[in-house]
Amino acid sequence: MATRMRLCRFATNNEPRVRVGLITDEDTVLDLTAAGVDRMQSLLERADLTDELARLTRAGLQAHRLDEVGLTTPVESQEVWAAGVTYLRSKQARMVESEFSADVYDRVYDAARPELFFKSLPEKVVSPGDAVGIRRDARWNVPEPELALVINASGRIVGFTIGNDMSSRDIEGENVLYLPQAKIYSASCAVGPWIVIGSTEDDARTWSIHLEIRRGDAQVFTGDTEVSQIKRSFAELLEFLFRSQHFPNGVVLLTGAGVIPPDSFTLAAGDRVRITISGIGTLENPVAVI
Ligand code: DO4
Ligand code: MG
């Protein structure tokens with residue numbers, strides 16, 4: 001695997017303005033402001049991104065300890081989209097929750113065209129440590145732990161991060177036309193904690209995804225999957241995402257959920273959702289009713 005560099009957005013107690021940071025393997029955050037980088041987007045568009053980041057690590061920039069800064073979501077100005085029913089487990093779970101439209105999920109799993117849906121405006125994305133939401137009119141709510149592809153405006157995957165596609169399973173299951181209400185509401189999408197640069201799809205397909213949900217001191221759910229279980233190639237997902245569609249600010253694509261708690265489980269306010277992807281890190285958020 002290539003050198004693992006991580007880009008983040010951060011603030012400190014002394015300086016609350018959000019800045020772009022480069023996290024080195026020593027868990028030090030280099031502040032890129034003095035190098036003229038005040039937005040991530042200009043970096044993500046560079047063809048020589050990994051070389052440029054390697055150069056910046058040697059540029060004598062101001063350093064902070066990672067555990068002393070506050071991280072903001074690395075989604076700066078990109079729309080967030082999501083792929084669905086990319087894992088067999090997702091297809092099975094949707095077919096159980098939805099007697100009305102079970103065959104819709106069965107058919108899309110095998111169809112040439114993937115399910116792709118708009119998930120969030122960038123300004124609505126929840127940062128690490130902030131609360132993700134469960135709808136007050138939903139009875140059955142779950143997190144969806146997903147590998148997220150960071151794609152630049154040219155349609156190239158430039159990094160990987162973690163996404164939580166919060167979902168209301170009772171609303172989704174009642175009628176497939178309610179999917180936007182089940183998936184798109186305030187605080188329904190968390191992304192972070194940073195973007196891993198320099199890994200390939202082959203690297204990502206060796207990673208595992210772990211979901212843990214805690215309630216007070218108790219662990220109320222834990223489950224795992226492997227990125228290799230995603231049925232479609234990333235190139236296939238991107239090819240459809242960019243058909244008749246452009247993303248001038250780039251786009252973040254969540255690649256679907258392969259860990260789904262049992263049908264008896266629903267989130268409660270105060271729960272903590274921890275999603276760990278082995279090649280990336282951990283995204284943790286408390287849960288609140290919205
Ligand atoms: O079709 C419903 C949503 C699917 C989804 O979000 C997933 O599989 O992760
Ligand atoms: Mg999902």
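Predicted model: local features only at pLDDT ≥ 70, side-chain atom pairs only at ≥ 80, totals over all residues.
Glu144 is buried, with a relative accessible area of 3%, and Glu146 is buried with a value of 0%. Here buried means under 20% relative accessible area, exposed over 50%, and partly exposed in between (1.4 Å probe, protein chains only).

Residues are numbered from 1 along each chain as its sequence is written, and chains are lettered from A and ligands numbered from 1 in the order in which they are written. Local features need pLDDT of at least 70, side-chain atom pairs count only at pLDDT 80 or more, and totals for chains, interfaces and linings use all residues, while side-chain values use heavy atoms, with hydrogens and water left out.

Aromatic contacts were searched over the whole structure, which gave six aromatic pairs. Rings of Phe, Tyr and Trp (its six-membered ring) pair if their centres lie within 6.5 Å; planes under 30 degrees apart count as stacked, over 60 as edge-to-face and the rest as tilted. One of the pairs, Phe160 with Trp207, is edge-to-face, at 5.5 Å centre to centre and 85° between the planes. Phe160 belongs to strand β11 (residues 157-165) and Trp207 to the loop between α7 (201-204) and β14 (208-215), so this pair ties together parts that are 47 residues apart in sequence. Helices (H or I, at least four residues) and strands (E, at least two) are DSSP runs, numbered from the N terminus. Both partners are buried, Phe160 at a relative accessible area of 1% and Trp207 at 4%. The rings of Phe242 and Phe247 lie 5.1 Å apart by their centres, with planes at 70°, so this pair is also edge-to-face. Phe247 is buried, with a relative accessible area of 2%. Trp81, Phe118, Phe242 and Phe247 form one aromatic cluster.

Charged side chains also sit over rings. The criterion is that NZ of Lys or CZ of Arg is within 6 Å of the ring centre and within 35 degrees of the ring normal. The charged end of Arg6 sits over the ring of Trp194, 4.8 Å from its centre. Lys231 lies over the face of Tyr109, with 4.9 Å to the ring centre.

Rolling a probe the size of a water molecule over the atoms shows where empty space is left. On a 1 Å grid over the protein atoms alone, a cavity is a set of points where a 1.4 Å probe fits but cannot get out, and a pocket is an open set with protein on both sides within 12 Å along at least five of seven lines; lining residues have an atom within 4 Å of a point. Grid points are joined across faces, edges and corners, and a volume is the space filled by probe spheres set on the points.

Two cavities of 30 Å³ or more were found. The largest cavity has a volume of about 80 Å³. It is lined by 15 residues, of which Gly84, Arg94, Glu115, Phe117 and Lys183 are the closest to its centre. Two or more lining residues come from each of β6 (79-84), α3 (88-97), β7 (115-120) and α6 (179-183). By class, the lining of the largest cavity has six nonpolar, two polar and seven charged residues. Ala, Val, Leu, Ile, Met, Phe, Trp, Tyr, Cys and Pro count as nonpolar, Asp, Glu, Lys and Arg as charged, and the others, Gly among them, as polar. The second largest cavity holds about 30 Å³, and its lining comprises Gln41, Leu44, Glu45, Gln78, Ile151, Asn152, Asn249 and Gly250. Two of these lining residues are nonpolar, five polar and one charged.

The largest pocket has a volume of about 160 Å³. Among its 14 lining residues, Thr50, Arg156, Ile157, Val158 and Gly198 are the closest to the centre. The elements α2 (49-57) and β11 each give two or more residues to this lining, and β11 has the largest share, with four residues. The pocket lining divides into six nonpolar, five polar and three charged residues.
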